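These are my notebook entries on one structure. I record below what I looked up, grouped by topic.

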Amino acid sequence: MYRFSIAISLLFLMLNGASGQIKRESGYLTPVKIPISFSGGFGELRRNHFHTGLDFRTAGQIGLPVFAVKEGSIARVSVSPIGYGHALYLLHPDGHTTVYGHLSRFDPKIESYVIEEQYRLRQFAVDLTIPAGLLSYKKGDIIAYSGNSGSSGGPHLHFEIRDTRSEKPQNPLFYLSAIPNKSAPRITSLYLYPLTSKSSVNKSAKKLQIETISKGKTSSLKNNQPIEVFGDIGLGFQADDDFNGTGSKCGIYSAEMFLDQVPAFSFKLDHLAFDQGRYVNSHIDYEELIKSKRWIHRLYLQPGNKMDIYQTDSNRGILKITDGKVHTVKIVVADAFGNANILSFKLLSKKFQLPEPKHNETKLFPFDQPNQFGNDEVMVQLPEGALYDNLPFVYHSEPKTGKYYSEIQGIHYPYVPVHKPYLLSIKTNGIPSNKQNKALVVLVEPKGGLSPVGGAYENGCETATPRFFGNFAVVLDTIPPKIQALSIRDNKTLLNQQKIEFKISDNLSGISGYEGEIDGNWALFEYDAKTATLAYVIDRKRIVTGKLHKLQLTVKDERNNIAVYKAGFYL
């Protein structure tokens, strides 16, 4: 039996590729020509998604040249105030597409094409499909310049390699052969979860966190004694990969778990699928993220998690420890270069009689069917697939106060993730008939702050489709956005001869749109959502000097409250 277990374990390792040599492609350049350092890795854990590329640091600078990693033609150009910001999609003959995001500007040929399309469409945010062969580049050509556009948290280049046919992002580290890494990941803590009312960890029904000590390629528990467990037990871990020992903390590539040398669970990140990205909220301990901001990988599969990155035993990685014996668990965490860190520890099966749990749920929501809850004040309808596991649903409410037009509706707890949008309909009270179109559902934060959810008013109820649980209420937004001029004074020469800038803000529902005109003609104002600024770069082809120009800027929010700014200016 021992030899059979070893053989199965070795086969498991070979199939998952977490250890040993990994096949790599060749012929791809790196997209920047500076010393390589990463601020984000492929498959890294993010809120509501896995990171689908590599984030190349650009030494805190904007405007570094970005190079075509292989010959190809531009297939798509996207410009947005959020997401990837200014982004290029370069189609290659080998069946792959490379993506370059958060750019500051494009190569002049591309830049000119995009600006003409923006003026034709009269909008800043565009997603353009480029005719085949119109914008072709050789390997090593400059195609753009690095930046900080979109939802970037600082200057860097987001880089992806996708399979063109499926559009699935591939792990770029298998293609960029010039990038080496000899350092192993680090396992920093272990988590143990009692998964049923009869399960226990160290005589408790609560999850247990144990810090670890990492030395080179091995880790151990700080208190390296057998852990007393009983029943159905799930494991999880926290880890990172210090790329080449440079301090660049990135995500891991794979993890495997063995119980008494027999494989029980594994995942690896060769590729990802955008339509599976939100399953990251099941892959992690979502409650731990919300409460302590720790990213914990589960080593067991929740029944509603449909990602294709896992291999498990028949128990979905859940350890059933009830035989009164000592068991050995081994966790192997690896990077994309085959460098691995191993954590081994022992579990002692020891039954402990837990007190009967207190039940406060309103209703049990099975994960594999639609679920509904309602009363005179609220209706909740979850579609099938909205939950990752069975949910003892809890509802509570608080009385209406002065600023709310409904009771505060407690729809379960915010530390339980929701995969699909669900219908939330809240009964309103006291909304004047002429203000019903100004109503919206908001999330009431623990400290009293409000986050807009949106919704529509009908028959005395405001109905929205949130994708999270929490405390909700209905409020009115009747206040128009604010427009603050930064570089223009009425009928004066521009303070900045290169661009006109404004800061815009909204008190609640959020900015929904804007439009700028100069001398009655549409003008290309770029919106940066991070800084809430609008900027018009002076286009000398469209605006002549030596005369008074008339500018009008209109900004509206999600409840159609409108603000207008007008001024004259001289160039």
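**Entry 1: aromatic rings**

I began with the rings and found that Phe38, Phe56, Tyr100 and Phe159 are linked by ring pairs into a cluster. My rule was that rings of Phe, Tyr and Trp (its six-membered ring) pair if their centres lie within 6.5 Å, with planes under 30 degrees apart counted as stacked, over 60 as edge-to-face and the rest as tilted. By this rule I count 21 aromatic pairs. Why is the pair of Tyr279 and Tyr388 tilted? The ring centres are 6.0 Å apart and the planes stand at 55 degrees, so this pair falls in the tilted class. The pair joins distant parts of the chain, 109 residues apart: Tyr279 is in the loop between strand S21 (262-268) and helix H3 (280-283), and Tyr388 is in the loop between strand S29 (378-382) and strand S30 (391-393). I take helices (H or I, at least four residues) and strands (E, at least two) as DSSP runs, numbered from the N terminus.

I then checked accessibility, where buried means under 20% relative accessible area, exposed over 50%, and partly exposed in between (1.4 Å probe, protein chains only). Tyr279 counts as buried at 12%, and Tyr388 is buried at 3%. Phe373 and Tyr395 form another tilted pair, with 5.0 Å between centres and 40 degrees between planes. Phe373 belongs to strand S28 and Tyr395 to strand S31, so the pair ties together parts 22 residues apart in sequence. Phe373 and Tyr395 are both buried.

**Entry 2: origin and confidence of the model**

I note that this is a predicted model, in which local features need pLDDT of at least 70 and side-chain atom pairs count only at pLDDT 80 or more, while totals for chains, interfaces and linings use all residues. Residues are numbered from 1 along each chain as its sequence is written, and side-chain values use heavy atoms, with hydrogens and water left out. The chain averages a pLDDT (the predictor's confidence in each residue, from 0 to 100) of 93, and 95% of the residues score at least 70. Over residues 1-22 pLDDT stays under 50, and the model has 40 contacts for them beyond four places in sequence. Contact means heavy atoms within 4.5 Å.

I looked for charges over rings, which requires NZ of Lys or CZ of Arg within 6 Å of the ring centre and within 35 degrees of the ring normal. Arg76 lies over the face of Tyr89, 4.2 Å from the ring centre. The charged end of Arg105 sits over the ring of Tyr145, at 4.0 Å from its centre.

Is Gln118 buried or exposed? Gln118 is buried, at a relative accessible area of 3%, and its place is in helix H2 (residues 108-121). Leaving out residues up to four places away in sequence, Gln118 touches Val79, Gln123, Phe124, Val126, Trp522 and Leu524.

**Entry 3: the sheet that contains S28**

I count two strands as paired if DSSP finds at least two bridges between them. What is the strand order of this open sheet of five strands? The order is S28-S29-S33-S37-S36, with antiparallel pairing. S28 (371-374) and S36 (456-458) are the edge strands, each pairing on one side only.

S28 and S29 pair antiparallel over four bridges, and they form a hairpin with three residues between them. Asn371 has Leu382 in S29 as its bridge partner.

Leu190 stands opposite Ile210 in S16. Four bridges also join S16 to the antiparallel S17 (residues 218-221), where Ser219 is the bridge partner of Ser214. The hairpin of S16 and S17 has two residues between the strands, and Gly216 takes a positive phi near 65 degrees there.
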